[in-house]
Amino acid sequence: LLTQARALARGDRLRAELLFAMGRASQRTGDHARTIRDLEAYRKEHPRGADIERVRFHLGEAQLAAGQ
């Protein structure tokens, strides 16, 4: 559902917020691979995004949990 919302979202800020929300939702469910994929996409697509520091933190947590 969030993937569909992101595809339909207008504006970079909203797409960035949805991508971060997707990563956090995946992290909460323990899907580390998907968390890493979504948060890496945020870093690549929105390197100066409002949540970039939080993205880096949660990305590190997911990578640690995944043994990377």
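Guide: Contact means heavy atoms within 4.5 Å. This is a predicted model, so local features need pLDDT of at least 70 and side-chain atom pairs count only at pLDDT 80 or more, while totals for chains, interfaces and linings use all residues. Residues are numbered from 1 along each chain as its sequence is written, and side-chain values use heavy atoms, with hydrogens and water left out.

Visitor: How many helices and strands are in the protein chain?

Guide: Four helices and zero strands. From the N terminus, the order is α-α-α-α. Helices (H or I, at least four residues) and strands (E, at least two) are DSSP runs, numbered from the N terminus.

Visitor: What span does helix 3 have, and what is expected at 1.5 Å a residue?

Guide: Helix 3 has 14 residues and spans 20 Å from its first C-alpha to its last. The expected span is 1.5 Å times one less than the number of residues. That gives 20 Å here, and the model is close to it.

Visitor: What makes R34 and D38 a salt bridge?

Guide: The rule asks for a side-chain nitrogen of Lys or Arg within 4 Å of a carboxyl oxygen of Asp or Glu. R34 and D38 have an N to O distance of 3.9 Å, so the pair qualifies. Both residues lie in helix 3 (residues 32-45), four residues apart, about one turn of the helix. Side chains of opposite charge can pair when their charged atoms come close.

Visitor: Which residues are linked with R34 in a network of salt bridges?

Guide: R37 and D38. R37 forms a salt bridge with D38, with the closest N and O atoms 3.6 Å apart.

Visitor: Is D38 buried or exposed?

Guide: Buried. The cut-offs are under 20% relative accessible area for buried, over 50% for exposed, and partly exposed in between (1.4 Å probe, protein chains only). D38 has 3%, so it counts as buried.

Visitor: How many salt bridges does a search of the whole structure find?

Guide: Six. Another one of them joins E40 and R43, whose closest N and O atoms are 3.3 Å apart. These two also lie in helix 3, three residues apart, about one turn of the helix. E40 has 28% relative accessibility, so it is partly exposed. R43 is partly exposed too, at 36%.

Visitor: Which residues of helix 3 are buried?

Guide: T35, I36, D38, L39 and Y42. Their cover includes helix 2 (12-28) and helix 4. In the whole protein chain of 68 residues, 34% are buried.

Visitor: What makes up the largest nonpolar core?

Guide: Eleven residues: A16, L19, F20, M22, I36, L39, Y42, I52, V55, L59 and A62. Helix 2, helix 3 and helix 4 each give two or more residues to this core. A nonpolar core is a set of buried Ala, Val, Leu, Ile, Met, Phe, Trp, Tyr and Cys residues joined through side-chain atoms within 4.5 Å. In soluble globular proteins, nonpolar side chains tend to be buried together.

Visitor: What is L39 in contact with, leaving aside neighbours within four places in sequence?

Guide: F20, G23, V55, H58 and L59.

Visitor: Why is H58 called buried?

Guide: H58 has 11% relative accessibility, so it falls under the 20% cut-off. H58 sits in helix 4 (residues 52-65). Beyond neighbours within four places in sequence, H58 is in contact with F20, R24, Q27 and L39.

Visitor: How do you know that H58 and R24 make a polar contact?

Guide: A polar contact is a pair of N or O atoms within 3.5 Å; within protein, one must be able to donate a hydrogen and the other to accept it, and residues adjacent in sequence count only if both atoms are side-chain atoms. The side chains of H58 and R24 come to 3.3 Å, so they pass. R24 and H58 are 34 residues apart along the chain, yet their C-alpha atoms are separated by 7.7 Å. R24 lies in helix 2. At 18% relative accessibility, R24 counts as buried.

Visitor: Is Q27 buried or exposed?

Guide: Buried, at 14% relative accessibility. Q27 belongs to helix 2. Leaving aside neighbours within four places in sequence, Q27 is in contact with T35, H58, E61 and A62.
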